[in-house]
Every structure is written in C-alpha cells, then in structure tokens.
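Subject: Structure handover

Hello,

Here is the structure I said I would pass on. Please open it alongside this message.

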Amino acid sequence: MAKRRRENIPLSEALKEFIDVNKLQKGMDKVDVREAWTNLMGNGVNNYTTAIELRGDTLFISLSSSVLRSELSLGKSKIITMLNDELKKEVVKKLVLR
C-alpha cells in the first residue's frame with residue numbers, strides 16, 4: 001500500500017498514479033479502444049460490429065457483414081492511424097477483421 005501524502009494533488013494525477021501502481025493500463029486501453037471504435041466508425045459500422053477485442057497491440061474486430069469487412073480491409077492503415085490519434089498514443093499496431 002502506498003504511503004499517505006500530506007500535500008493535496010489533483011484527482012487526475014491521483015487516478016493516473018493508482019492505475020500505474022496497480023498495473024491497470026492494459027485494461028484501460030481495452031476499454032478506451034472499444035470506445036474509440038464506436039466513436040470513429042459511427043452507427044453504420046457499429047450495427048455490424050459483433051465483437052471488439054484488444055490482445056497485446058492487435059485489435060480484433062468481428063463483423064457480421066462480409067461486404068463491410070472487405071471494404072474496411074482496404075483502409076486498415078488509415079483506421080489504425082485514426083484509432084491511435086483518438087487515443088493520443090500508439091496502442092493498436094495491427095488490425096484483424098473477422
């Protein structure tokens with residue numbers, strides 16, 4: 001358990017320290033990637049998205065439409081760039097559409 005501090009610190013700094021000490025960043029990245037996908041892709045793609053899973057630095061997206069899967073596969077590098085820009089750090093290095 002961390003030592004108690006006497007000075008006041010901002011809540012954002014306290015949360016960041018809590019995440020670092022308890023090694024929760026990978027779990028937070030999984031949640032953030034899921035949220036970024038839904039924000040960036042919009043309702044059209046989200047209606048056909050059945051599963052979003054981040055394993056390491058690879059993002060696995062399951063889609064129920066083969067036509068949409070082939071269309072999105074043409075722009076994988078752009079999607080990866082958009083997701084990392086949204087997250088403000090490089091979390092996703094590879095995208096797998098299934």
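Below are the notes on what was found in it.

This is a predicted model, in which local features need pLDDT of at least 70 and side-chain atom pairs count only at pLDDT 80 or more, while totals for chains, interfaces and linings use all residues. Residues are numbered from 1 along each chain as its sequence is written, and side-chain values use heavy atoms, with hydrogens and water left out.

Overall make-up

The protein has four helices and three strands; helices (H or I, at least four residues) and strands (E, at least two) are DSSP runs, numbered from the N terminus. Their order from the N terminus is α-α-β-β-α-α-β.

The radius of gyration, taken over C-alpha atoms, is 17 Å, whereas a compact globule of 98 residues would have one near 13 Å. That globule rule is 2.2 Å times the number of residues to the power 0.38. Along the principal axes, the C-alpha atoms fill a box of roughly 60 × 20 × 20 Å.

The three strands form an open sheet in the order S1-S2-S3, with mixed pairing; two strands pair if DSSP finds at least two bridges between them. S1 and S3 stand at the edges with a single partner strand each, so one side of each has no neighbour in the sheet. From one strand to the next, the twist averages 15°. S2 and S3 run parallel and are joined by four bridges. Phe60 has Val96 in S3 as its bridge partner.

H4 lies across S2 and S3, at about 120° to S3. Such angles run from 0 to 180 degrees between N-to-C directions, with axes as lines fitted to C-alpha atoms, for helices over the stretch in contact (heavy atoms within 4.5 Å).

The core

A nonpolar core is a set of buried Ala, Val, Leu, Ile, Met, Phe, Trp, Tyr and Cys residues joined through side-chain atoms within 4.5 Å. The largest one here has 20 residues, of which Trp37, Leu59, Ile61 and Leu72 touch the most other members. Elements that give two or more residues to this core are H2 (25-46), S1 (49-55), S2 (58-63), H3 (66-73), H4 (76-87) and S3 (94-97). H2 gives the most, with five residues.

Which residues is Trp37 in contact with, leaving aside its neighbours within four places in sequence? They are Val45, Asn46, Thr49, Ile52, Leu59, Ile61, Leu72, Ile79 and Leu83.

Regards

Methods
Buried means under 20% relative accessible area, exposed over 50%, partly exposed in between (1.4 Å probe, protein chains only).
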